[in-house]
Amino acid sequence: MVWGTAGRAVADGRGLPVRQGTAEQGSVGQGAVEQGAVDAEVARIHRELIVLRRDLHRHPEMPGQEQRTAGVVARELRAAGLTVATGVGGGHGVIGILHGARRGRTVAYRADMDAVPPKDIVGGGPAAAHVCGHDIHTTVALGVARVLARLRRQLSGTVVFLFQPAEETLSGARALIDAGVLERTGVAEIHALHCGPFPVGTFAVTPGYGLPGQDKAEVTLPAPGAPDAARRLAAEIGALATVAPPQTPADIERLLADALTPDGPLARFVAVRARAQEAGVSVAYRCWPQERYGEVRADIRRLAMSWAGAGVRFPAEPFPAMVCPERDARMLAHHLRRAMGRGAVTELHAAFPPFSGEDFALYLDRVPGTFTFLGVRAPHAPITAGYPHYPDFAPDERAVGVGVRAMAGWIAERAHRARGLPGGSGGSGRGGPTTPTGSRTSG
C-alpha cells in the first residue's frame, strides 16, 4: 500500500488501510493521543466523510458566497460537540473550538471552503466548481474535528478549526485575522493541507518553500499610438519571465520534476502576465524568492520609462509569499513517516506551482506552522486529474481518509507538546477568550 510501510497495514473493509500498533506509536509522550486510536476512528467514519465530500462537491459556492457550505460545517461541528462561531470576519467564516481534557497548547487547523470562479478554471468554465479541492480540505478538517472530539479524553490542549471563505480571492484569511481570531484564541501555531498532483496516500512537505506571492503594475501610455506601444511594451515586460504557464500535461510533469530537484530551475523564477490595454499595460507577476520584487519592479519601470510620457503605478506592497518554516516542515515530515510510512513523504525544493498563491501566507506571517500537499492523484490518472484549477480535476477520494489520519495525529501531537520544546511557541491550551469579535456562538 503506497500510504504506509511502517508497521503492518490491514484493510478495514472499505479500502482504508489501518495501521497496527508499532513501538513508535505513543512516542510523543505518555497520555498522548495514539495514532492507532486515530486510525480506528477514521475507519469508523470514513464512508460518512465520503458522502459529506460528495455533497459539498455538488454545491460549489463562489468566494464570499459560501453560505450553504458554512451551514454544513457549523452543523457538523456542533454535532461533534465543538463550540462554534459563525459569521466570523463579516462573512461566512466558521470557527470550531475543541478543548482537550488535558493541559496543552493551542493549535489551529485551517480549511478553505470556496469554489473556483469560472474565469479561474483553466480554459474557463460555465460555473463555479470545486476544481481546487476545497471540498476535500473542508471534509478533512471536519474529519479531524470529529476524530479528535471522540478522543477528547486523551487530547491535550485546544484545537481551533478555522473554516475560511474567499481563499480564491485572497481575502478570506485577512478577514479572519482582522476579526482577531488568532489573538483571541491564543493560537500558537497553524497547519493546513492542500490537494496536489502527487500519488494518493503520499504527502509533499515544503521546508523553506511554499507558494509565491503576487505583485501588480499598471502602465499608462500617452496617445496617439498608445495601443501599438502597449502591445510592444507588453511583449517586452512578458520577456522578463523565466517560466511559462504549462500548455500540456507534459509541461506540468516537467514543472513538478523541477520542483522536486534541489537547486533546480524553479529555485529562482519570475512568472509574468502582461496584457496590453487600449492605453497601457496591465501586469501581474510572481517571483521567488520574494526579495526579488524590488528587482523586478525596477525592470518593469525601466522598460516602461523607455516610452516617452509613460507612467507606472505599483501597489504599496506586493501580496506576500507563503514561506513554510523549515523546522516545522521537517518535524511534520518525521511525524508523517512515523505514522504513515517512510515512503509516504516527499520534499519540494521550490515554490510550487509557480503560478499560484495562497492567503495562508498571512497566517504564517504571524505564527509558525505547516502547509503540506496531500496527494490526490489516482493510479494511472493524468496529472491534470490532481492539478488544481484544471477542468478535469478529479481527486481520488481515498485521500480524504489519508488526510484525516495524518492531520488528526499531527494536530494532537502539536497540542500535546510541552511549552518550550522544539517547535513550541507558546499557547496556553485553555486560557483566554475563545470567541472572535462580532461572531455568533453556540455550543
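1. **Before you start.** This is a predicted model, in which local features need pLDDT of at least 70 and side-chain atom pairs count only at pLDDT 80 or more, while totals for chains, interfaces and linings use all residues. Residues are numbered from 1 along each chain as its sequence is written, and side-chain values use heavy atoms, with hydrogens and water left out.

2. **The sheet.** Look for four strands in the order β11-β12-β10-β13, which form an open sheet with antiparallel pairing. Strands (E, at least two residues) and helices (H or I, at least four) are DSSP runs, numbered from the N terminus, and two strands pair if DSSP finds at least two bridges between them. β11 (269–277) and β13 (311–313) each have a single partner strand, so one side of each is left without a neighbour in the sheet. On average, neighbouring strands are turned by 20° against each other, direction ignored.

3. **One pair in detail.** Six bridges join β10 (residues 215–220) to β12 (residues 280–288) in the antiparallel sense. You can follow one of them from Asp-215 to its bridge partner in β12, Tyr-285.

4. **Helices on the sheet.** Helix α6 (residues 226–238) packs on the sheet and touches β10, β11 and β12, with its direction at about 175° to that of β11. Helix α8 (residues 293–305) also packs there, touching β10, β11, β12 and β13, and its direction makes about 155° with that of β12. Contact means heavy atoms within 4.5 Å; axes are lines fitted to C-alpha atoms, for helices over the stretch in contact, and angles run from 0 to 180 degrees between N-to-C directions.

5. **The largest pocket.** A pocket is an open set of points on a 1 Å grid over the protein atoms alone, where a 1.4 Å probe fits, with protein on both sides within 12 Å along at least five of seven lines; lining residues have an atom within 4 Å of a point. The largest pocket is lined by 46 residues, and Asp-120, Arg-273, Arg-286, Phe-355 and Ser-356 lie nearest its centre. β12 gives the largest share of this lining, five residues.

6. **A buried residue.** Thr-138 is found in helix α3 (residues 134–150). Is Thr-138 buried or exposed? Thr-138 is buried, with a relative accessible area of 1%; buried means under 20% and exposed over 50%, using a 1.4 Å probe and protein chains only. Leaving aside neighbours within four places in sequence, its contacts include Leu-56, Val-73 and Phe-163.
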